[in-house]
Amino acid sequence: MKRINILIVAIVAVFAFASAGKAQSNFAVGATLEDFTLSDTNGKSRSFNQLKGKNGTVLVFLSAQCPVVKMYNERISKIAADYAAKGINFIGINSNVTESLEWVKSNAEENYKFPVLIDKGNVWADKLGATVTPEVYFFNEKNALLYHGAIDNDRSGKNISDNFLRAAFDAKLEGKTISKTKSNAFGCTIKRVNG
Amino acid sequence: MKNLHVFPAKAAKIIVFGFLLIQFFTLEINSQTKDAKKSLPVKAETAAALPKVTQVDASGLKNILKTNGKPLLVNFWATWCDPCREEFPDLVKIDADYGETLDFITVSLDDVEELNSGVPKFLAEMKAEMPAYLLSTQEEDTVISSVSKDWQGGLPFTILYDAEGKTAYSRMGKVKIDVLRAEINKLLPAAVK
């Protein structure tokens, strides 16, 4: 039994490390997200519609170990706090097979005030086509995708000249057209259960 | 009388223990001093052997991605990226095996502060001899798009251009080394495969 367990862990690890990270998905700006339910880091079932904001919702793909996410954590918390008051909610989602629940939970408690959902089997990463962390999807109140990609244009945070996500929020809140609806998120490849 | 007999035995034990303790610390200090003396030339030697890493910006990257009559393999990586580090030995082997028939460069996306430290140190550990660059740009999004439509920003990213500069193969995530070799082979004359 022990041997079988070790074998299973080894197979999962091999698949995880060999992951190509390229998700095939047609989920593009304008598409509508169906409601879904996942467990949060406390094991509680949470649905997207329960957690969404009255003016919009951000689904942010996170990792407990990715150095790029670590560089963004302070900015993510600040943006989430700034816009929570304006009716835009953040929901974290972790799809990395290589990160244990305990690890994700302690990291979430340390860094975020919003819930972090556990995407077992990277089902939602696949459906949305998320490939890296951090990567954000901003939906309006009807769950239509308005912006997808990076939070801003500088992972170090030292030379930000384009605050993509804040700009999308502001345009949405002001009823204007979002000028940039798609950017490339730079970061760590999501470690999937299969390539 | 009994007490008199016990006292010297205890005292002897304490003296022996104390002696051993002094010996232990003397040996420890000597060994540390020797280690410190030994480590100095080794460190100097390592520093001297660190490979050169050239910093490039977005336009510099465009130039280094131009082919020069041969297929060109480019690996985008970073020291903090575990899959990048894991696949590196295989890439070094590819560079050694294909030699002059293939141009191969690596482009690190580490912070520019790692230009003369973390990046060359890792390359030295890997015994990597490919020309090494570090991309420093405020336009990561634009750069990612310009390299390939198939690169969504995750690392590692490996791209193979044919001799004319057309993309022959690309992969985000760890490469499957046999697949990469097969793709390179397709671009080479039968005699050099």
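What share of the 193 residues of chain B count as buried? The value is 31%. A residue is buried if 20 or more other C-beta atoms, placed from the backbone, lie within 10 Å of its own.

This is a predicted model: local features need pLDDT of at least 70, side-chain atom pairs count only at pLDDT 80 or more, and totals for chains, interfaces and linings use all residues. Residues are numbered from 1 along each chain as its sequence is written, while chains are lettered from A in the order in which they are written.

**Stop 1: chain B.** Select chain B. It has six helices and seven strands. These are DSSP runs, numbered from the N terminus: helices are H or I with at least four residues, strands E with at least two. Along the sequence the pattern is α-β-α-β-α-β-α-β-α-β-β-β-α.

**Stop 2: where the chains touch.** Now show both chains. Here 22 residues of chain A are in contact with 19 residues of chain B. Contact means C-beta atoms, placed from the backbone, within 7 Å. On the chain A side, the largest share, three residues, comes from strand β9 (residues 187-189).

Stop 3: Select β9(A) and strand β5 (residues 154-155) of chain B. They pair in the parallel sense over two bridges. Strands pair if DSSP finds at least two bridges between them. Find G187(A): it stands opposite G154(B).

β6(A) and β9(A) pair in the antiparallel sense, with V132(A) opposite T189(A).

Technical notes
Contact = placed C-beta atoms within 7 Å. Buried ≥ 20, exposed ≤ 12 C-beta atoms within 10 Å, placed from the backbone.
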